[in-house]
Each structure stands twice: as C-alpha cells, then as structure tokens.
Amino acid sequence: MSKQIHLAAHFPGVNNTTVWSDPASLSQIEFSSFAHLARTAERGKFDFLFLAEGLRLREHAGKIYDLDVVGRPDTFTVLAGLAAVTEHLGLAGTINSTFNEPYEVARQFASLDHLSGGRAAWNVVTSWDAFTGENFRRGGFLPEDQRYERAERFLRTAWELFDSWHGDEIVADKESGTFIGDPLAGSFAHRDAHFDIAGRFNVPRSPQGRPVIFQAGDSDAGRDFAASAADAIFTGHGTLEAGKTFYADVKGRLARHGRSRDELLVFPATTVVLGDTDAEAHERAAHIRRQQVSGQTAIRFLEQLWNTDLSDLDPDGPLPEFDPAVGTDTITKGRASTRRHRDPIAIARQWRELAEAKQLSIRELIIEVTARQSFIGTAASVAEAMNRSVQEEASDGFILVPHLTPGGLDEFVDTVVPLLQERGVYRTEYPGATLRENLGLPPLENPRQSAKTAS
C-alpha cells in the first residue's frame with residue numbers, strides 16, 4: 001500500500017525567497033494575506049500552515065537589512081486570527097525557547113489549541129546570537145549544547161504545565177454550584193538548573209492535550225532533540241539521495257528514545273514552479289530565482305562570507321581575488337545563514353572553484369549556492385516527483401514555500417493536488433478533528449489514565 005503524502009504551507013518568511021517586488025505580491029502584514037494563504041491551504045487539504053518568526057530585525061553594515069521583507073506581526077496573534085477563518089488547518093508557530101518562559105508559552109499554546117479546536121503546533125527553536133539577546137533582559141546567548149539543554153528542559157516543563165490538567169476537572173454542575181471537581185487542578189512544581197517554578201496553571205486541558213511539536217535543527221544535537229521529543233522535523237535537504245540519508249538517520253535515532261518510526265514525520269521545505277511544459281517551468285523558475293537574488297542581494301550575500309564591504313563590485317562580474325576577513329565581528333547581524341560560514345576561507349575556495357568550473361558571475365553563483373529543494377515542471381511531473389520522494393522514504397511530505405504572498409499556493413492546489421488524489425496518495429477529506437489526528441500521529445496518553453494504569 002502506498003504511503004500517504006502530507007503537505008503543509010509556509011507563509012513566505014522574512015527572507016529573500018519572498019519576492020515582495022513582484023506585481024502580484026500584496027501585503028506582507030495585513031491579515032487578508034495570511035487568511036488567503038490559509039484558506040488556500042485548507043482548500044488543498046493541507047495539514048498545517050507554518051509561521052516562522054525572528055526576534056530582532058536583521059542588520060547589515062550597521063543598517064536594517066531592507067532588501068528582504070522587514071518585520072512581521074506577532075505569531076500568536078496571527079494564528080489566533082486564522083483559527084477563526086479556518087476549520088481544519090493546523091496552526092504552527094515558531095516560538096523561541098531561549099528568551100521566553102515555559103509558563104507564558106504553555107498558556108499561549110493551550111489557549112490557541114482551545115480557540116482552534118485542537119489545531120495548535122509549536123516549532124521549538126533556540127536563539128544562537130548575542131545580537132538577538134540584546135532585545136531581552138537576560139541578553140547574551142548560550143553555547144549550542146546549553147541551548148539544546150535549555151530547549152529540552154523548557155519543553156519538558158511546558159509538558160508538565162499542559163498535563164497539570166487531566167481534562168475531567170470541569171464539572172460545571174449547576175444544581176450543586178460546583179464548577180471544578182478537583183481542588184488540585186493545575187497544580188505544578190518544577191525545579192531544575194534552568195527553571196524553578198511552582199503554582200497553578202490557569203488554562204484547562206485543551207483538545208490535543210499538548211500542541212504538536214516541530215523541530216528544525218539540522219545539527220547532531222538538533223536531530224537528537226527531535227528524535228527524543230518532536231512529532232515532526234523540518235529539513236532543507238535538496239536531493240532525493242540526501243533526503244534518504246537524512247530520513248534514515250533521524251528515523252534510526254527514535255528507538256534509542258523508546259519511540260517508533262511513525263512517531264516522527266520528516267518535512268523538507270521545498271518550492272514548486274509549474275508550467276504547461278517542463279521547459280516553460282524551468283524558464284519560469286530561472287526568472288523567479290533572478291527576482292529572489294537581485295544584483296544588490298547577491299553582493300550582500302557575498303559580503304556575509306567575505307565579511308567586507310564589496311559594494312564596488314559588479315554582481316555580473318567575477319568573485320574577489322582576495323580572501324574573506326575572518327573574525328567574530330561579522331558585517332551581517334541576525335541572519336542564521338552566517339552560522340554556516342564556520343570556515344570562510346575554505347568556503348570561498350569552494351565558491352571560486354564552482355564559479356570557475358561553470359563560468360558563473362557573482363549573481364549566478366549566489367543563485368546556485370542559495371537554492372533550496374525545488375520541484376519544477378508540469379503538474380503531472382511535479383506530482384510524480386513528490387510521490388517518488390515519499391514512497392522511497394526521503395520524506396513523509398513537504399512544506400511548500402511559495403515566493404509570492406498571498407497567492408503563491410493557488411496554482412499548486414488547483415493542479416497538483418487533484419493529481420495526487422487521483423493516484424490515491426493524498427487525502428480528499430480531513431480524517432480527523434485535530435492536527436495530531438490529521439498527521440496520523442499516535443494519540444497522547446491522558447496523564448490521569450496513565451496514573452490509574454500505573455497504580
């Protein structure tokens with residue numbers, strides 16, 4: 001029997017993949033844009049809509065980096081609004097575990113799960129730089145091992161808060177005047193190296209019990225964190241073989257944490273470009289990539305690696321002959337991609353070799369090295385390629401990252417989704433009421449039932 005494909009939508013993020021200058025692009029902030037994309041995703045029977053979030057505006061050479069979209073509304077506010085205009089679509093938000101507190105975040109997600117009827121999901125992330133930390137009282141940042149340690153404890157603490165209500169405490173007996181049947185409802189006490197909290201959690205148990213947990217770290221620590229605690233992991237692997245390797249690795253880690261392979265889903269982020277012919281689609285894809293990587297953007301990306309002002313260079317010319325300036329004080333602040341430049345000299349050497357071998361200009365090189373996984377072709381060929389990836393266990397589905405707001409999913413939903421449904425590898429109706437059910441994840445144990453079983 002063929003595996004079923006899962007699909008999700010990413011509201012185009014605050015980055016250069018969003019072509020805000022395209023004539024078809026509308027507001028990046030108004031609620032109507034979020035609502036349009038969410039309704040389109042729900043029409044396509046997608047599992048969830050995903051919002052990324054940054055905690056500080058990025059800067060480049062001391063100024064706001066304004067070649068990309070700058071600034072977005074608060075995640076919880078947007079998701080709560082979307083709960084009112086959708087019925088089945090999961091609502092996933094990226095919320096930071098480094099500069100937030102478990103009680104506050106648990107309260108917000110429990111509330112969202114109630115408001116949406118059981119559709120909340122939490123992408124648990126950490127913050128890696130002191131630049132972002134300047135926005136917060138604690139400031140600074142944590143080394144990678146401590147970041148994931150705090151994230152793991154943060155998540156476990158939040159789970160204790162979610163589980164402090166079992167789901168049967170509210171009796172609301174009008175005759176006796178009894179509203180709460182358990183006087184200890186919501187009681188919690190948690191103490192460890194990161195958190196020392198105790199009291200009463202004030203949001204009763206929500207339809208899912210806890211939000212579905214997502215994780216996006218690709219490091220070894222990130223993969224292990226996902227294998228121990230997440231319901232789904234996001235990845236950026238761009239080829240079928242790389243996807244298979246990643247899939248086998250993270251699925252292989254689950255048994256060490258007492259979990260089965262069906263308890264963690266793998267979602268690579270991908271773009272889709274369609275055309276009446278494969279040739280037309282590839283021509284369109286090339287045009288979109290040149291929109292995403294303008295001459296200015298190409299130079300800024302090069303400056304991130306070279307850590308030097310290169311504004312006098314021609315983006316259609318060759319790479320600099322001199323090596324990058326190595327140092328901890330980087331020209332770009334707050335952009336996560338700078339973390340990949342751990343050895344700038346070696347990366348510059350690789351880029352030079354690639355540019356020389358393919359005769360690439362600066363802009364052409366940046367277009368190539370910043371590309372993500374893409375499905376390009378007719379609706380039929382894209383449907384075939386997506387199905388192959390899932391059946392050959394390179395993924396369990398995909399997060400689609402459109403380049404336009406808000407209509408970037410319309411064509412895919414109208415043309416590719418029906419073909420996947422005809423193949424019998426994609427749903428025609430939502431199978432459940434909650435996001436956890438629609439993802440096919442095992443149900444959570446009710447803590448009260450678990451306690452009864454243990455006794």
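Two strands count as paired if DSSP finds at least two bridges between them. I note at the outset that this is a predicted model.

I started from Glu59 and looked up its bridge partner in β4, which is Ile64. Strand β3 covers residues 59–60, and I find two bridges between β3 and β4, in the antiparallel sense. I then followed the sheet across: it is open, has three strands, and runs in the order β4-β3-β14 with antiparallel pairing. The edges are β4 (63–64) and β14 (332–333), each of which pairs on one side only.

I checked the domain assignment of the protein chain. Domain 1 is given as 6–276 + 375–454, and domain 2 as 294–369. I read the separation of their centres, taken over C-alpha atoms, as 32 Å. In the contact I count 11 residues from domain 1 and 13 residues from domain 2.

**Entry 3, the interface.** Which three residues supply 47% of the area that domain 1 buries against domain 2? I looked up the total first: about 1,200 Å² is buried between the two domains, and carbon and sulfur atoms give 57% of this. The three residues are His60, Leu67 and Trp128, which supply more of domain 1's share than any other three. On the side of domain 1 that touches domain 2, I list five nonpolar, two polar and four charged residues.

**Entry 4, polar links.** I searched the interface of domain 1 and domain 2 for salt bridges, and the rule finds zero. For polar contacts between the two domains, the count is four residue pairs, with both residues at pLDDT 80 or more.

Terms used: Residues are numbered from 1 along each chain as its sequence is written. This is a predicted model: local features need pLDDT of at least 70, side-chain atom pairs count only at pLDDT 80 or more; totals for chains, interfaces and linings use all residues. Side-chain values use heavy atoms; hydrogens and water are left out. Domain bounds come from an automatic or database domain assignment. Contact means heavy atoms within 4.5 Å. Buried area is the accessible area (1.4 Å probe) that two parts lose on being put together, summed over both. A salt bridge is a side-chain nitrogen of Lys or Arg within 4 Å of a carboxyl oxygen of Asp or Glu. A polar contact is a pair of N or O atoms within 3.5 Å; within protein, one must be able to donate a hydrogen and the other to accept it, and residues adjacent in sequence count only if both atoms are side-chain atoms. Ala, Val, Leu, Ile, Met, Phe, Trp, Tyr, Cys and Pro count as nonpolar, Asp, Glu, Lys and Arg as charged, and the others, Gly among them, as polar. Helices (H or I, at least four residues) and strands (E, at least two) are DSSP runs, numbered from the N terminus.
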